[in-house]
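Biologist: I'd like to go through this model with you. Can we start with how the helices pack and then look at a few residues?

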Amino acid sequence: MRQEDNTNRYINENDDSNYNMNYIQYQDNNNQNTKQNNPVNEGNNNVNNQDSEKIQDIKQMGIPNMPPNTVKEIQCITIIGEIEGHFMGNPQKKSTKYEHIIPLLYSVEESSEIKGILIILNTVGGDVEAGLAMAELINSISKKVVTLVLGGSHSIGVPLATAGDYSYIAPTATMIVHPIRTNGLVIGVNETFEYFKKMQERIVEFITRTSNIKRDELNELMHAKDELVSDVGSVLIGKEAVECGLINEVGGLKEALSKLRELINEDNKNEGNK
C-alpha cells in the first residue's frame, strides 16, 4: 500500500534505466520459462505448418513435396493451351497470356545468372498478333534458346516453335500448318483481304527466316486440301516436321537440355576468346 500511495516518489528516487532493464529482463525470463514449459505446443505448431504446406503442394501440383528452388543457369518457360492476346479467352480453357510471357522474357534477358532458356510448347494456337510478338521477342533475346514441342504446336504455335536457336519435337507431337483465319464478323471488302495477306506474309517470312523450310514448300503445306476436314492445311507428326525443315530434330527433354547446355558452353568459350 505504501508503494501504491507514493508511486511517483518511489520511481523518482530510483534510477529509471535500472527499472526498465529489470522489467525487460523479467519479461524475457517469463518468455523463456513459457517456451521451456510448452515445448510440445511449439513442436505441434511446426508439424501443423509443415502439414499445411504439404496439403497446398498436393492441391496445386499433385505431390506433397516440391523440389527446392536453387539458382540455375537455365530458365524453363511453358506455353500451353490457347495463346491469349488483347481479348480475354474462354475461362474454361487453359491459356497462356502474352502479358505474362513478355515481362518474363525481359527479366530473363536482364538476369546475369540465367544463360539459357528452354521453351516447352503444347499449344493449339490463338491470337496471331500476340503469338507473333512473343516469337519475335524469343528470337531477338541474347540468351541461348531451345524449343521443345510436346503434344502439339499448332497454328501460331509454329513460329513460336521455330523462334529459338534449336528446336526439338517429340515423336508423337503434332504441328498444324494452315493460313491465317479469323472468327466472327468480317467486313467483306478488298482492304480486309489485303490485311489478311499482309499478316500471312509476316508469318511466312518469320518461319522461313527461323527454320530450314523453303517458302514454296511452306505455302504448299499451308494450302493442302486433303489433311484437314473443315479447313486447308497440313498435320505434321514428329519426324515429318523435321523432314520438311520446320524443326531441327526429334527428341525429348533429355536431348533438349543437353543441346541447350552445349550451346551455353559454346557461347562461354566464344566470350572467353574475345
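Biologist: In which hand does α8 pass α9?

Modeller: The crossing of α8 past α9 is right-handed. Bear in mind that this is a predicted model.

Biologist: At what angle do the axes of α8 and α9 cross?

Modeller: Roughly 125 degrees, and the two axes come within 10 Å. That makes α8 oblique to α9, because an angle has to be over 145 degrees to count as roughly antiparallel.

Biologist: Which residues meet there, α8 against α9?

Modeller: On the α8 side they are Gln200, Glu201, Val204, Glu205, Ile207 and Thr208. They meet Arg215, Leu218, Asn219 and Met222 in α9.

Biologist: What sits in the loop between α8 and α9?

Modeller: Ser211 is found in that loop. A polar atom of the Ser211 side chain lies 2.6 Å from the backbone oxygen of Ile207, and Ile207 is one of the α8 residues that meet α9.

Biologist: Is Ser211 buried or exposed?

Modeller: Ser211 counts as buried, because its relative accessibility is 13% and the cut-off for buried is under 20%.

Biologist: And what does Ser211 touch, leaving aside its neighbours within four places in sequence?

Modeller: Thr162, Gly245 and Leu246.

Biologist: Back to helices. How do α6 and α8 pack?

Modeller: Helix α6, residues 128-140, packs on helix α8, residues 190-210, at an angle of about 30 degrees, with the axes 12 Å apart. The two are therefore roughly parallel, since the limit for that is under 35 degrees. α6 passes α8 in a left-handed crossing.

Biologist: Which residues of α6 meet α8?

Modeller: Val128, Glu129, Leu132, Ala135, Glu136 and Asn139. Their partners in α8 are Tyr195, Met199, Arg202, Ile203, Phe206, Arg209 and Thr210.

Biologist: What about α5 and α6, at what angle do they cross?

Modeller: Roughly 10 degrees, with the axes of α6 and helix α5, residues 98-110, coming within 10 Å. So α5 and α6 are also roughly parallel to each other. Tyr98, Ile101, Ile102 and Leu105 of α5 make the contact with Ala130, Met134, Leu137 and Ile138 of α6.

Biologist: On to the strands. Where is Ser153, and what does its side chain reach?

Modeller: Ser153 is in strand β4, residues 144-153. The Ser153 side chain reaches the backbone oxygen of Gly157 at 2.6 Å. Ser153 is buried, with 0% relative accessible area. Beyond four places in sequence, Ser153 touches Leu121, Thr123, Val158, Ala161, Thr174, Met175 and Ile176.

Biologist: What is the phi of Ser155?

Modeller: It is positive, about 55 degrees, although Ser155 is not a glycine. Ser155 is in the loop between β4 and α7. With a relative accessible area of 24%, Ser155 is partly exposed.

Biologist: One more serine. Which strand holds Ser167?

Modeller: Strand β5, residues 166-169. Ser167 is buried at 3% relative accessible area, and its side chain reaches the backbone nitrogen of Asn248 at 3.0 Å. Leaving aside neighbours within four places, Ser167 is in contact with Thr147, Ala161, Leu246, Ile247, Asn248 and Glu249.

Biologist: How many residues apart in sequence are Ser167 and Leu246?

Modeller: 79 residues in sequence, and 8.7 Å in space, C-alpha to C-alpha. Leu246 is also among the contacts of Ser211, and Ala161 is in contact with Ser153 as well as with Ser167.

Biologist: Now the whole chain. How many helices and strands?

Modeller: Eleven helices and eight strands. The chain has 274 residues, and 33% of them count as buried.

Notes
Residues numbered from 1 in each chain as written. Predicted model: local features only at pLDDT ≥ 70, side-chain atom pairs only at ≥ 80, totals over all residues. Heavy atoms only, no water. Helix = DSSP H or I, 4+ residues; strand = E, 2+ residues; numbered from the N terminus. Buried < 20%, exposed > 50% of the residue type's maximum accessible area, 1.4 Å probe, protein only. Contact = heavy atoms within 4.5 Å. Polar contact = N/O pair within 3.5 Å; in protein donor to acceptor, adjacent residues only side chain to side chain. Axes fitted to C-alpha atoms, helices over the stretch in contact; angles between N-to-C directions. Parallel < 35°, antiparallel > 145°, perpendicular 65-115°, else oblique. Left-handed = near helix turned anticlockwise from the far one by under 90°.
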